[in-house]
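Hello,

Here is the structure I promised to pass on. Please open it alongside this email. My notes follow below it.

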Protein chains: 2
Amino acid sequence: MNLFGFARKKHPPKTAQMAKDRLQILLAHERSSSGAAEADYLPMLQRDIVAAIRKHVPIGDKDVEVRMERGDQMSSLEINIELPAASKAG
Amino acid sequence: MNLFGFARKKHPPKTAQMAKDRLQILLAHERSSSGAAEADYLPMLQRDIVAAIRKHVPIGDKDVEVRMERGDQMSSLEINIELPAASKAG
């Protein structure tokens, strides 16, 4: 489910799944020239971003869902994370 | 301009701004309970994500544009980065 529709509306409708805190991260890398040799940052960034989140909040592997789409000029990465509710930032 | 419309279509239309590589990162933090005491991860994650990208590619402060929206139950962060074209990943 794409959370970003919520971010745009002032008063997001309540949803049943709101029992847990959730973090959604979308990355898109648009390359000016196509071709495999072009640097593809997303796999490295995925690892670093999840590690950055783990510095602040305890998340298990089962709480992290990753989807990646790789095109000739555009790659995108979606990371969905269920966070422990009402935890204080580290 | 929201890159993520590109990610969904199989053959994204060519745009004049494609001269440079671009990286767009969207984060949304949906909190199950409202209130300021609730942990707000986005400012910390913003710093860590830009630092993670800098490990792999040289980006100047002027290449990074950040927008943050903070609601009662939903905060969102948008980071737009212009990357040096055709650089190999470190």
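In helix 2 of chain A, the buried residues are L42(A), M44(A), L45(A), D48(A), I49(A), V50(A), A52(A), I53(A) and H56(A). Please bear in mind that this is a predicted model. An α-helix has 3.6 residues a turn, so residues three or four places apart point the same way. The buried residues of helix 2 of chain A pack against strand 1, strand 2 and strand 3 of their own chain A. They also pack against strand 1 and helix 2 of chain B.

The helix itself has 15 residues. From first C-alpha to last, helix 2 of chain A reaches 21 Å, close to the 21 Å expected at 1.5 Å a residue.

Six strands form an open sheet in the order 2(A)-3(A)-1(A)-1(B)-3(B)-2(B), and the pairing is antiparallel. Strand 2 (64–70) of chain A and strand 2 (64–70) of chain B stand at the edges. Each has a single partner strand, so one side of each is left without a neighbour in the sheet. On average, neighbouring strands are turned by 10° against each other, direction ignored.

In chain B, strand 2 and strand 3 (residues 74–83) run antiparallel and are joined by seven bridges. M68(B) stands opposite L77(B) of strand 3 of chain B.

Both copies of helix 2 deserve a look against this sheet. Helix 2 (residues 42–56) of chain A lies across strands 1, 2 and 3 of chain A and strand 1 of chain B. Its angle to strand 3 of chain A is about 20°. Helix 2 (residues 42–56) of chain B lies across strand 1 of chain A and strands 1, 2 and 3 of chain B. That helix runs at about 20° to strand 3 of chain B.

Next, one arginine. R31(B) sits in the loop between strand 1 and helix 2 of chain B. Is R31(B) buried or exposed? R31(B) has a relative accessible area of 5%, and buried means under 20%, so R31(B) is buried. A polar atom of the R31(B) side chain lies 2.8 Å from the backbone oxygen of G71(B). The backbone oxygen of D72(B) lies 3.2 Å from a polar atom of that R31(B) side chain.

Last, chain A overall. Chain A has two helices and three strands, in the sequence pattern α-β-α-β-β. Of its 90 residues, 50% are buried. The accessible surface of chain A is about 4,600 Å², with 56% belonging to carbon and sulfur atoms.

Best wishes

How values were computed:
Residues are numbered from 1 along each chain as its sequence is written. Chains are lettered from A and ligands numbered from 1 in the order in which they are written. This is a predicted model: local features need pLDDT of at least 70, side-chain atom pairs count only at pLDDT 80 or more; totals for chains, interfaces and linings use all residues. Side-chain values use heavy atoms; hydrogens and water are left out. Two strands pair if DSSP finds at least two bridges between them. Helices (H or I, at least four residues) and strands (E, at least two) are DSSP runs, numbered from the N terminus. Axes are lines fitted to C-alpha atoms, for helices over the stretch in contact, and angles run from 0 to 180 degrees between N-to-C directions. Contact means heavy atoms within 4.5 Å. The expected span of a helix is 1.5 Å times one less than its number of residues. Buried means under 20% relative accessible area, exposed over 50%, partly exposed in between (1.4 Å probe, protein chains only). Accessible areas come from the Shrake-Rupley method with a 1.4 Å probe; for residues, only the protein chains shown count as cover. A polar contact is a pair of N or O atoms within 3.5 Å; within protein, one must be able to donate a hydrogen and the other to accept it, and residues adjacent in sequence count only if both atoms are side-chain atoms.
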